[in-house]
Amino acid sequence: MNLREVRKKTKSIKNVKKITKAMQLVSAVKMKKAQQAALEGAAYREGLEQSIRKIAPSTDPSLSPLLASPAQNSNKELVIYISSNKGLCGAFNLNLYRYILKNIKMDSADFITVGKKGAVFVSNMRGTLIADYSSAMAVSETSAIFALAVGKFLAGEYRSVTVLYNKFISTLRSELLKEVLLPMKLPVDEGATASAGVYKIEPSPEEIIDALLRSYLEEKIRGALLSSEAVEHSSRMMAMKNATDNANDIIDSLTLLGNRLRQSKITMELLDMITAKESVEGS
């Protein structure tokens, strides 16, 4: 590699660095908003769960079809698979691919996908895709996803409904989680019994409990979407940061190589001058 090629390559890497740095900054802003939305929504979901925990021991399963076991005509599982629309986010999608290949049989599962990467993966693996809700504002599709999944389950088309996503823990940490939504198991405090407390429900348990459980499930799906979005932007920010750092390392190496080549060129020119001078003086 000559000096001209080194300079050209250094210029290209600097342009790449500008792009990755800009993408890192954009992802950092989006990450902050997504994390805030995920954390703010968690308080409401925890409140719903706490309410259900209090009334769970004395809840009659017949009050909601979500608690009854519908006649199941299929052994298939319905998976709500949450991925991303774009790449350049590290192992965010790769971890999901690996989990599906290792733990889910394509012939015994159907998919509702959120994210173009997931939809493409399911299609390439010849899986059954019954709906795709890939959009820039996936959270706005929560109600539609919930209605479709619950309707299919109550019709007896699936033995279970699960959601697969990356759960946000912190900027540098996430956890791949597959959570069972249906058949629904009420969250109960350890040691709680039906006689632990009597709660008066108004206007009536028949009107309240089914709506409460449906709201709880819908919020779990919304929470998974928000959590996945926070992980996606965190992963992309870290990936772009690593790319920027790698670009800096390459630029430093190329700068050092360019200095050596330039010094070598100067040395060779000096040697040529000295040789020419000695030749003239010796003649």
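Is K178 buried, partly exposed or exposed? K178 is partly exposed, with a relative accessible area of 27%.

## Basis of the model

This is a predicted model, in which local features need pLDDT of at least 70 and side-chain atom pairs count only at pLDDT 80 or more, while totals for chains, interfaces and linings use all residues. Residues are numbered from 1 along each chain as its sequence is written, and side-chain values use heavy atoms, with hydrogens and water left out.

K178 forms a salt bridge (a side-chain nitrogen of Lys or Arg within 4 Å of a carboxyl oxygen of Asp or Glu) with E77, the closest N and O atoms lying 2.7 Å apart. This pair links distant parts of the chain: E77 belongs to strand β1 (residues 77-82) and K178 to strand β5 (residues 173-182), 101 residues apart. Strands are DSSP runs of E with at least two residues, and helices are runs of H or I with at least four, numbered from the N terminus.

E77 counts as buried at 8% relative accessibility. Buried means under 20% relative accessible area, exposed over 50%, and partly exposed in between (1.4 Å probe, protein chains only).

## Bridges within helix α5

By the same rule, the salt bridges number 9. E219 and R222 meet at 2.5 Å, N to O; both lie in helix α5 (residues 205-282), 3 residues apart, about one turn of the helix. E219 is buried, with a relative accessible area of 11%.

R236 and E232 form a salt bridge at 3.2 Å, and these two residues of helix α5 are 4 residues apart. R236 is buried at 8% relative accessibility, and E232 is buried at 12%.
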